[in-house]
Amino acid sequence: GAIIRFQAVSSLKQTLMETHTMQTHHPECSVQTVAEIFTMPLRIPDYQRPYKWQAFHVHQLLDDLQDHFLLRRQRYRLGTLVLHRESSRQNIVDGQQRLTTLYLLLHTLGKTPADCTLGTQTYRHTASHQNIAHNQQSIQNFVNKLGDKKADFAAYVLNQCELVCIELDNLEEAFQFFDSQNARGKSLAPYDLLKAYHLREMPAQ
């Protein structure tokens with residue numbers, strides 16, 4: 001309810017304030033539609049864990065999207081996305097599971113933004129390939145049931161659904177930020193963080 005939403009916003013503001021005290025560059029916080037996010041130069045960095053969402057997570061997201069679509073809610077906030085700016089790229093620190101699922105949904109609907117870089121990413125883990133294939137079938141079954149509402153539903157997801165987008169220049173601060181959030185998605189495990197720090201400290205070949 002409203003209390004939960006207020007607590008979530010308060011927690012987000014507190015974390016932003018704590019992160020701001022650690023750095024010289026301001027974290028950028030904005031609300032972006034799915035369409036706007038998919039026009040960013042998104043990249044899945046090497047330290048990211050596999051795509052691990054199961055059918056339960058996918059069905060939960062799809063049901064939430066459909067409920068808000070049928071209720072004609074003007075805006076639906078999907079959660080928080082944490083990005084690390086590196087040169088011209090936006091590395092996904094937190095939010096990979098949800099973004100990948102949204103991409104699969106839009107791809108199935110035939111409405112993937114033309115300049116979306118997420119579809120060109122390579123998922124290196126076998127588990128990612130298996131989960132993507134399995135969830136793709138679940139999404140296809142969902143889309144088939146939309147009937148003549150496919151185009152309207154795709155437009156709703158792209159233009160009415162939003163994420164709070166946090167962009168930081170410092171990788172350690174990006175980790176500190178998402179690690180302090182109690183998100184519903186899967187966060188990086190400690191060994192993933194350790195791997196990321198090692199990769200970051202390795203000289204470029």
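# Rings and helices: a guided look

Modeller: Let's open with a cluster: F69, F142, F153 and Y156 form one aromatic cluster. One thing before we go on: this is a predicted model, where local features need pLDDT of at least 70 and side-chain atom pairs count only at pLDDT 80 or more, while totals for chains, interfaces and linings use all residues. Residues are numbered from 1 along each chain as its sequence is written, and side-chain values use heavy atoms, leaving out hydrogens and water.

Biologist: How many aromatic pairs does a search of the whole structure find?

Modeller: The search turns up 4. Rings of Phe, Tyr and Trp (its six-membered ring) pair if their centres lie within 6.5 Å; planes under 30 degrees apart count as stacked, over 60 as edge-to-face and the rest as tilted. Take F38 and Y103: their centres are 6.4 Å apart with 90° between the planes, an edge-to-face pair. F38 sits in the loop between α2 (34-37) and β2 (42-43) and Y103 in helix α4, so this pair links distant parts of the chain, 65 residues apart. Helices here are DSSP runs of H or I with at least four residues, strands are runs of E with at least two, and both are numbered from the N terminus.

Biologist: Are F38 and Y103 buried or exposed?

Modeller: Buried means under 20% relative accessible area, exposed over 50%, and partly exposed in between (1.4 Å probe, protein chains only). F38 counts as buried at 1%, and Y103 is buried too, at 17%. Now the rings of F69 and F153: the centres are 5.3 Å apart and the planes at 85°, so that pair is edge-to-face as well. F69 lies in helix α3 and F153 in helix α6, so the pair ties together parts 84 residues apart in sequence. F69 is buried at 14%, and F153 at 0%.

Biologist: What describes two packed helices?

Modeller: The angle between their axes and the distance between the axes. Axes are lines fitted to C-alpha atoms, for helices over the stretch in contact, and angles run from 0 to 180 degrees between N-to-C directions. Here α4 (residues 96-109) and α6 (residues 150-159) pack at about 150°, with axes 10 Å apart. That makes α4 roughly antiparallel to α6: under 35 degrees counts as roughly parallel, over 145 as roughly antiparallel, 65 to 115 as roughly perpendicular and the rest as oblique.

Biologist: Which residues in α4 and α6 meet?

Modeller: L102, L105, L106 and L109 in α4 meet K150, F153, A154, V157 and L158 in α6, where contact means heavy atoms within 4.5 Å. By class, that's 8 nonpolar, no polar and 1 charged. Ala, Val, Leu, Ile, Met, Phe, Trp, Tyr, Cys and Pro count as nonpolar, Asp, Glu, Lys and Arg as charged, and the others, Gly among them, as polar.

Biologist: And what is the angle between α4 and α5?

Modeller: α4 and α5 (residues 126-144) pack at about 50°, again with axes 10 Å apart. That makes α4 oblique to α5. On the α4 side, T101, L104, L105, T108 and L109 take part, meeting I132, Q136, I139, Q140, F142 and V143 in α5. This contact divides into 7 nonpolar, 4 polar and no charged residues.

Biologist: Last one: what is the phi of R72?

Modeller: Most residues other than glycine have a negative phi. R72 has a positive one, near 60°, and isn't a glycine. R72 lies in the loop between α3 (55-70) and β3 (76-86) and is exposed, at 76% relative accessible area.
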